[in-house]
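Reader: I am new to reading protein models. Can you take me through one, feature by feature?

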Amino acid sequence: MTMPAAQPDRHPLAVQHPELDDASIRLLVETFYGRAREDELIGPIFNRAVEDWDEHIGRISDFWSSMFLKTGRYTGAPMRPHLLLSLQGPHFDRWLQLFEATAKDLLAPELAELFIVRARRIADSFEMGIASTRGDIARPRHSV
């Protein structure tokens with residue numbers, strides 16, 4: 001497998017894919033949250049927790065941009081807000097279902113797969129972190 005040539009305006013450690021840029025990340029995040037807000041299971045959680053959707057979408061877009069494009073724009077601590085939401089396994093499962101479907105709908109297959117793999121790891125990390133604060137032990141369920 002050959003690696004794509006580095007894009008001159010991109011950080012050398014960024015994912016090198018011609019379809020990956022801030023606009024494609026923002027579209028993914030906006031589309032996902034549009035679907036999530038209307039979902040019967042996770043919609044009520046998001047709609048109670050998020051006060052300013054434009055700010056939230058910008059922050060999450062910065063998160064993914066920092067992760068894949070190495071822009072460094074995200075400086076938050078994402079675990080803390082999730083600890084306050086009383087999330088359980090079915091919530092993570094549904095989040096992943098919606099996120100994976102959105103990524104597959106909008107991105108080239110190889111790019112969607114990169115986002116999906118990372119999203120599964122994030123879900124496992126959050127799920128295990130939340131369990132540990134409750135005094136429970138959880139194993140990864142999504143990224144194995």
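Author: Start with helix 1. The face turned away from its buried side carries the exposed residues Ala 23 and Glu 38. Keep in mind that this is a predicted model.

Reader: Which residues of helix 1 are buried?

Author: First the general idea. An α-helix has 3.6 residues a turn, so residues three or four places apart point the same way. Now the case here. The buried residues are Ser 24, Ile 25, Leu 28, Val 29, Phe 32, Tyr 33 and Ala 36. They cover an arc of only 160° around the axis, which puts them on the same side of helix 1.

Reader: What covers the buried residues of helix 1?

Author: The cover includes helix 2, helix 3, helix 5 and helix 6.

Reader: How far apart are the end C-alpha atoms of helix 1?

Author: They are 25 Å apart. Helix 1 has 17 residues, which should span 24 Å at 1.5 Å a residue, so the two values agree.

Reader: What happens at the start of helix 1?

Author: A side-chain oxygen of Asp 21 comes to within 3.2 Å of the backbone nitrogen of Ala 23. Look at Ser 24 too, which is found in helix 1. Its side chain reaches the backbone oxygen of Glu 19 at 3.1 Å.

Reader: Why does Ser 24 count as buried?

Author: Its relative accessible area is 15%, and buried means under 20%.

Reader: How many aromatic pairs does the structure hold?

Author: A pair of aromatic rings is described by the distance of the centres and the angle of the planes. This structure holds 14 aromatic pairs. One of them joins Tyr 33 and Phe 46, with 5.3 Å centre to centre and 90° between the planes, and it is edge-to-face. Tyr 33 sits in helix 1 and Phe 46 in helix 2, 13 residues apart, so the pair links distant parts of the chain. Both residues are buried.

Reader: How is the pair of Tyr 33 and Trp 53 arranged, and which helices hold the two residues?

Author: Their ring centres are 5.6 Å apart and their planes are at 55°, so this pair is tilted. Tyr 33 lies in helix 1 and Trp 53 in helix 3, so the pair ties together parts that are 20 residues apart in sequence. Trp 53 is buried, and so is Tyr 33. Ring pairs also build a cluster, whose members include Tyr 33, Phe 46, Trp 53, Trp 95 and Phe 115.

Reader: Which residues touch the most other members of the largest nonpolar core?

Author: In soluble globular proteins, nonpolar side chains tend to be buried together. Here the largest nonpolar core has 38 residues, and Tyr 33, Trp 64, Trp 95, Phe 99 and Phe 115 touch the most other members. Helix 1, helix 2, helix 3, helix 5 and helix 6 each supply at least two residues of this core. Helix 6 gives the most, with nine residues.

Reader: What does Trp 95 touch?

Author: Leave out residues up to four places away in sequence. Trp 95 then touches Phe 32, Ile 42, Phe 46, Ala 119 and Ala 123.

Reader: Where does Lys 70 lie?

Author: Lys 70 lies in the loop between helix 3 and helix 4. It has a positive phi of about 60°, although it is not a glycine. Lys 70 is partly exposed, with a relative accessible area of 36%. Now turn to Gly 135, which follows helix 6 and has a positive phi near 85°.

Note on methods
Residues numbered from 1 in each chain as written. Predicted model: local features only at pLDDT ≥ 70, side-chain atom pairs only at ≥ 80, totals over all residues. Heavy atoms only, no water. Helix = DSSP H or I, 4+ residues; strand = E, 2+ residues; numbered from the N terminus. Buried < 20%, exposed > 50% of the residue type's maximum accessible area, 1.4 Å probe, protein only. Polar contact = N/O pair within 3.5 Å; in protein donor to acceptor, adjacent residues only side chain to side chain. Phe/Tyr/Trp six-rings, centres within 6.5 Å; stacked < 30°, edge-to-face > 60°. Core = buried A, V, L, I, M, F, W, Y, C linked by side-chain atoms within 4.5 Å. Contact = heavy atoms within 4.5 Å. Expected span 1.5 Å × (residues − 1). Arc of directions from axis to C-beta.
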